[in-house]
Amino acid sequence: MKALKLTCLLFFFTSVSFAQKPLLKLKYEQNYTPTYYEIVEMFKLLDANYENASLTENDLTDSGKPLHTYIINSEKEFNPKEIKAQGKSVLLINNGIHAGEPCGIDASLAFADNILRNKNGLAKILNNTVIVIIPAYSIGGLLNRSAFNRSGQTTPYETGFRGNAGNYDLNRDFAKCDSENAKNFNRIFSKWDPDVFLDTHTTNGSQHQYSVTLIAPQPDMFPPSQATFIREKLLPELFTNMKKGAYELIPYVSWMYPDPKMGIKMTQESARYSSGYASLFNCYGMMTENHVYKDYADRVKSCYQFIEVLAEFTSNNSSEIIESRKKGNSESMAMDKHSINFELDTTQFSMIEFKGYEVSPKQISPVTGLARFGYDMSKPYTAQIKYYDVYNATQKVKVPEYYILPQAWKAVVERLTLNNIKFERLPNDTIVEVEVDYIDEYSNSPRPYNGHYFHQTVSTTSEIQKIRYYAGDLLIPVRQKKIKYLIEMLEPKARDSFFKWNFFDNILDTREYYSSYGFEENAMKYLNEHPEFKEAFETKRKTDAEFAKDHRAQLGYIYNNSEWAEKSFKRYPVGKIY
């Protein structure tokens with residue numbers, strides 16, 4: 001019996017200490033990335049072989065196929081509430097949002113295989129951190145596979161299409177949630193409330209010597225304590241730890257000038273993008289942007305290295321990350337004003353090392369024989385360049401105690417529910433004194449943008465009014481954990497608000513009107529009953545020659561400056577109580 005126990009114990013320690021052989025046979029070295037069906041089958045294989053991991057089907061996407069999550073824990077526990085109660089941090093990784101950018105798919109498969117078989121002791125990460133992987137987000141894009149997608153890259157041989165099954169660019173859909181993919185993601189994000197989030201991409205921007213770049217969480221979008229954590233700990237450690245491996249990391253090359261030598265800026269993503277959406281919940285969200293001009297194997301390996309570095313950072317700092325978010329949420333809920341728009345501060349910068357190639361502004365195209373912008377690959381350089389990473393708030397709004405949203409705006413109510421926003425329903429019809437915004441001016445994009453004529457600029461004025469609300473309308477307390485989401489989505493001038501994405505466009509045209517003949521009797525009656533207004537009307541006729549000759553303009557003056565005017569025209573439906 002003792003010998004049997006010793007043998008079992010020895011087997012246990014052997015299985016934990018030494019990695020098993022990999023289960024997956026990835027082919028990225030041969031410039032091949034798996035199809036959607038192959039991705040699912042590989043995660044099913046891992047699921048069948050490890051009890052501490054689970055492949056879960058969520059709701060359906062636009063393609064009619066379910067969105068999967070693959071959960072990796074140190075034990076057979078996959079309930080988010082139980083995991084959070086144990087004090088574990090959550091790292092959520094999203095892949096294939098643009099199906100022509102698949103390096104994260106391969107990298108996440110390799111990482112899942114390696115951490116589960118404890119390669120190089122990776123399983124220790126799971127002691128205090130749970131990994132949640134979305135294997136393939138744009139399923140419709142992956143199914144639309146071709147050798148002629150993503151024209152700027154030569155490898156891998158075949159990839160998916162940028163649009164999903166509904167032809168949405170899914171990395172513009174997180175706030176507005178037109179696609180079933182995004183609605184699904186909002187549910188998953190709300191369910192898991194991740195502490196750290198990574199979305200894997202590929203970029204075809206500036207030519208340089210790096211295989212992987214990072215769109216980092218922009219500190220100025222976070223509460224003060226979290227901004228300090230990002231600047232002083234998260235970013236320095238990620239960049240330092242990447243430099244210890246085979247692949248260095250550089251900030252995403254967001255151009256300010258044609259030549260990166262003149263300086264680059266930190267990207268600040270709004271809520272339409274995955275990392276910007278994550279920041280609404282004080283989650284440390286970021287994107288890798290692997291370099292399309294590098295070999296596919298390098299792109300996968302550098303993405304893999306970053307996933308490993310990020311997972312280790314999350315594990316090593318698990319308690320601090322969790323506590324920083326709690327403190328950040330408290331700071332958000334206590335704020336009097338919230339910043340809704342920013343601009344880059346071009347007076348503040350740091351110097352960073354950058355390995356690039358000399359710009360060749362009049363390079364001769366081998367295709368057309370004409371001059372074009374390009375890079376001289378025979379002239380690599382290493383230089384110190386300016387890096388601008390500070391944004392100043394240009395617009396702030398006063399934080400109300402409550403929003404009131406009429407239940408008629410069902411698409412908005414649906415999205416609040418997706419994100420688990422807390423609200424009450426009014427029990428009775430009632431009149432409430434609220435502050436309301438009127439939309440004064442707005443501009444539209446000249447062409448559809450991801451299915452919408454986005455309102456690019458918005459100006460408003462405010463009034464205090466007594467408005468009738470009805471049983472079932474939403475009373476939303478603003479000072480709740482998801483306060484930033486509420487303000488960013490419900491304040492009309494915020495960068496990716498529901499108003500800007502056309503959810504409230506029905507207020508922008510009138511339902512009542514006046515006719516040039518039919519309104520005359522009521523117009524005359526109104527003038528006779530309001531002598532002071534009649535005097536102003538007569539004065540305008542005497543002093544404005546054009547007005548005096550325009551029958552309809554005169555009727556319009558009476559209509560628009562009297563109780564006949566439609567009070568709800570351009571009145572933003574969300575009321576505010578301070």
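**Cavities in a predicted model**

Modeller: The largest cavity here has a volume of about 70 Å³. The model is predicted, so local features need pLDDT of at least 70 and side-chain atom pairs pLDDT 80 or more, while totals for chains, interfaces and linings use all residues. Residues are numbered from 1 along each chain as its sequence is written, and side-chain values use heavy atoms, without hydrogens and water.

Biologist: Why is a space called a cavity?

Modeller: On a 1 Å grid over the protein atoms alone, a cavity is a set of points where a 1.4 Å probe fits but cannot get out. Points are joined across faces, edges and corners, and the volume is the space filled by probe spheres set on them. By this rule there are two cavities of 30 Å³ or more.

Biologist: What makes a residue part of a lining?

Modeller: Having an atom within 4 Å of a point. For the largest cavity 13 residues do so, and Ala-216, Pro-217, Gln-218, Ser-275 and Gly-285 are the closest to its centre.

Biologist: Which helix gives the most to that lining?

Modeller: Helix H8 (residues 274–279), with three residues. A helix is a DSSP run of H or I of at least four residues, a strand a run of E of at least two, numbered from the N terminus.

Biologist: What lines the second largest cavity?

Modeller: That cavity, of about 60 Å³, is lined by residues including Tyr-36, Phe-43, His-68 and Ile-139. Helix H2 gives the most, with four residues.

Key: On a 1 Å grid over the protein atoms alone, a cavity is a set of points where a 1.4 Å probe fits but cannot get out, and a pocket is an open set with protein on both sides within 12 Å along at least five of seven lines; lining residues have an atom within 4 Å of a point.
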